[in-house]
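Colleague: I would like to learn how to read the packing in a model like this one, beginning with a pair of helices. Could you take me through it step by step?

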Amino acid sequence: MRPPVGSLVVRDIGLLVTNRPELGQGQLGVMRDVDVVIENGTVAWIGSTGTSQATDEVLEAAGRCVVPGFVDSHTHLVFAGDRVEEFTARMAGRRYDAGGIFATVAATRSASLIELTDVATRLKREAEAQGTTTLETKSGYGLTVSDESRCLEVAEAISEEVTFLGAHVVAPEFRGKEQEYVALVTGPMLDACAPKARWCDVFCERGAFGLDAAREILHAGLAHGLGLRVHANQLSRGPGVQLAVEMGAASADHCTHLDAADVDALAGSDTVATLLPGAEFCTRSPYPDARRLLEAGVSVALATDCNPGTSYTTSMPFVIALAVREMNMTPDEALFAATAGGARALRRDDIGALAPGFRGDLVVLDAPTAAHLAYRPGVDLVAAVVRAGRLLGQQNSR
Ligand SMILES: [Zn+2]
């Protein structure tokens, strides 16, 4: 058993984003000049600077801004190899068409468990150093029963939010035999993988899985006790978003090509629209219309989609900057989507905000306000990262 975490005070926070409007100003519930006390991993107290009780440890915020830890609700960290040549070719004008996944599938199948674990662990640490305190990650580059199962073992070792994505694309040996592959996914593959996962996902897209196959896979996931997520409407307008809503999925991810009926369906549902602008950046594609979703009342999350083919970044601050600059989100909306939005996309009520009872996950920014995340793109503003009351990040000097 791990020893008790003890208590930590984060002292002299100039500006604290709580994401709880009842605690402070605006949607972000901003408080000024406060201390936060975390006990046994959970936020226990927030109050005026200098009035907290003594704690085991002290972290000086020195007047800087503190935000909730980022919740990256969509990553693909279990893979081998890279696809820098594909990226370079695409930047020279070639269009992306989902085929490059097979290069990663081949590399992942031939990698050892240790190699896969090393890559995933390195990427997780990279994400943490940039303020991510919760990340979801998936299988999806194995596409056989044993390879998917192995990828989920790696995912389980680095993440509390594990997603089975055997239905990423039809495995190459099943080309032209989609129904046989769907039978494998919904049968032996789910039997082997469901005990290692919390979520079942499907890539519903031309070139991947059509409406009927995707629905069958999601029903099978539900029957195995998994929650649902859908890769939807990334490359083209399609049925993915409406299927996600119909099936009660926690999240429809990408949402790049939507019509009015898709937006209405999301607005009347508990399904979060998770936007992944790193994918549009890395494929030089048009960005999702975040304003249309927000104005319709849809819950929006932002995530990295970290994967070697179409979005090889672990940086939530980069995603926030993209969302502000390229998708017309305000800095407050983008930060909320990258924290509370991600928590909602994972159906979690213990993360994504800083208030008594929430897990003690926070980021000390080397900046006076959170808007600096977008205002100073590409600059490392993460001074310290705390997860469940433990200090993770390096402490930058001011
Ligand atoms: Zn994805």
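Modeller: Let us begin with handedness: a crossing is left-handed if the near helix is turned anticlockwise from the far one by less than a right angle, and right-handed if clockwise. Here helix α3 passes helix α4 in a right-handed crossing, where helices (H or I, at least four residues) and strands (E, at least two) are DSSP runs numbered from the N terminus. Please keep in mind that this is a predicted model, in which local features need pLDDT of at least 70 and side-chain atom pairs count only at pLDDT 80 or more, while totals for chains, interfaces and linings use all residues. Residues are numbered from 1 along each chain as its sequence is written.

Colleague: At what angle do the axes of α3 and α4 cross?

Modeller: Two packed helices are described by the angle between their axes and the distance between the axes. The axes of α3 (residues 113–129) and α4 (residues 145–158) cross at roughly 35° and come within 10 Å; axes are lines fitted to C-alpha atoms, for helices over the stretch in contact, and angles run from 0 to 180 degrees between N-to-C directions.

Colleague: Which residues of α3 and α4 meet?

Modeller: Two residues are in contact if their C-beta atoms, placed from the backbone, lie within 7 Å. On the α3 side these are L113, L116, T117, A120, T121 and K124, which meet R150, C151, V154, A157 and I158 of α4. The residues of this contact divide into seven nonpolar, two polar and two charged, with Ala, Val, Leu, Ile, Met, Phe, Trp, Tyr, Cys and Pro counted as nonpolar, Asp, Glu, Lys and Arg as charged, and the others, Gly among them, as polar.

Colleague: In what order do the eight strands of the open sheet lie?

Modeller: Two strands pair if DSSP finds at least two bridges between them. The order is β6-β7-β8-β9-β10-β11-β12-β13, with parallel pairing; β6 (70–72) and β13 (300–302) are the edge strands, each pairing on one side only. From one strand to the next, the twist averages 25°. Within this sheet, β8 (residues 161–167) and β9 (residues 199–204) pair in the parallel sense over three bridges, and T163 has W199 in β9 as its bridge partner.

Colleague: Which helix lies across β6, β7, β12 and β13?

Modeller: That is helix α11 (residues 316–326), which runs at about 130° to β13 as it lies across these strands.
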